[in-house]
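Here is a short briefing on one protein chain. It covers a helix, a set of paired strands and the nonpolar cores.

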Amino acid sequence: LSMLPWQLEVMQQEERFKVVAAGRRTGKSHLAAVSLVLSALDGKKGKVFYVAPTQGMAKDIMWDKLYEIAGDIIEGHNKNDLTFTLTNGAMIHLKGADRPDTLRGVSLKHLVLDEFAFMKADVFDAILRPALSDMKGTCIFIGTPEGRNHFYDKYVEAEIGGDSQWAAWHYTSYDNPLLDKAEVDHAKKTLPRWAFQQEYMASFDAMGSEPFAVDDLGW
């Protein structure tokens, strides 16, 4: 499983709860897919969940990516339930946070919450955190910021909270060596500053940082 340096850095750390704020096209989905496959292959009991803001997003982001990562060891799949069965019998489930009832009543050994900033905060706190307790399961929160919301709170908790089970990382689109830096530079020149800072530089402070738009000033 090939990985970028930043992805290896995250995967090799042993913290149970990992919070990754990363810019667009950094390689977030690849990291998520690798973690899902490795967990499914570890031989331990328990379910493996990938959760996106909606079920449709979960399919769009992760369905083809899992085939790219684990095609040779995928024994079967169910497009209605969005599940993959690997050759060892383990299953990977793709879920939407907009359907919370489908997230209850399970025991999870690994969980990925993708684009966590765009989910309701209580999806983890009230539903999925308890599901990790039986197995002392692991969790990766990953995504691009959307201001200082619950994703920011988890990032700060992991970065400075003092809990050894939590860790945080911050990466920008420049951290993907496979992405043309000139393309990112062009986005920097042509996008509004807040949009570039949020989407490419993964800044939690970008939204609302510019009190006046150009049109407001009559320029």
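Helix α1 (residues 5-12) has three names on its buried list: Trp6, Gln7 and Val10. Viewed down the axis of α1, these buried residues stay within an arc of 100 degrees, so they line one face of the helix. The model is predicted.

**Helix α1 and its cover**
- Pro5 and Gln12 are exposed, on the other side of α1.
- The cover over the buried residues of α1 includes β1 (17-22), α2 (28-40) and β8 (166-171).

**Strand β1**
- Six of the six residues of β1 are buried, so the strand counts as mostly covered.
- Phe17, Val19 and Ala21 point one way from β1. Lys18, Val20 and Ala22 point the other way. Both sets are buried.
- In a regular strand, side chains alternate between the two faces of the sheet.
- β1 runs parallel to β7, and five bridges pair them. Phenylalanine 17 has cysteine 139 as its bridge partner in β7.
- β1 also runs parallel to β8, joined by six bridges. Here lysine 18 has alanine 167 of β8 as its bridge partner.

**Strand β6 and its partners**
- β6 (residues 108-114) is mostly covered, with seven of its seven residues buried.
- Strand β2 (residues 47-52) is parallel to β6, and five bridges join the two. Valine 51 has leucine 113 as its bridge partner in β6.
- Strand β7 (residues 138-143) pairs with β6 in the parallel sense, again over five bridges. The bridge partner of histidine 110 in β7 is threonine 138.
- From β6 the chain passes through helix α4 (residues 122-131) to reach β7. This β-α-β crossover is right-handed.

**Nonpolar cores**
- The largest nonpolar core holds 35 residues. Val20, Leu36, Tyr50, Met62, Leu66, Ile92 and Leu94 have the most contacts inside it.
- α2 contributes the most to this core, giving seven residues.
- Which residues does valine 20 contact, leaving aside its neighbours within four places in sequence? They are Trp6, Val10, Phe141, Ile142, Gly143, Phe151, Trp169 and Tyr171. Of these, Trp6 and Val10 are also buried residues of α1.
- Another core lies apart from the largest one and has 28 residues. Leu111, Met119, Ala131 and Leu132 are among them.
- In soluble globular proteins, nonpolar side chains tend to be buried together.

How values were computed:
Residues are numbered from 1 along each chain as its sequence is written. This is a predicted model: local features need pLDDT of at least 70, side-chain atom pairs count only at pLDDT 80 or more; totals for chains, interfaces and linings use all residues. Side-chain values use heavy atoms; hydrogens and water are left out. Buried means under 20% relative accessible area, exposed over 50%, partly exposed in between (1.4 Å probe, protein chains only). Helices (H or I, at least four residues) and strands (E, at least two) are DSSP runs, numbered from the N terminus. The arc is that of the directions from the helix axis to the C-beta atoms. Contact means heavy atoms within 4.5 Å. Two strands pair if DSSP finds at least two bridges between them. A crossover is right-handed if, with the strands pointing away from the viewer, the path from the first strand over the helix to the second runs clockwise. A nonpolar core is a set of buried Ala, Val, Leu, Ile, Met, Phe, Trp, Tyr and Cys residues joined through side-chain atoms within 4.5 Å.
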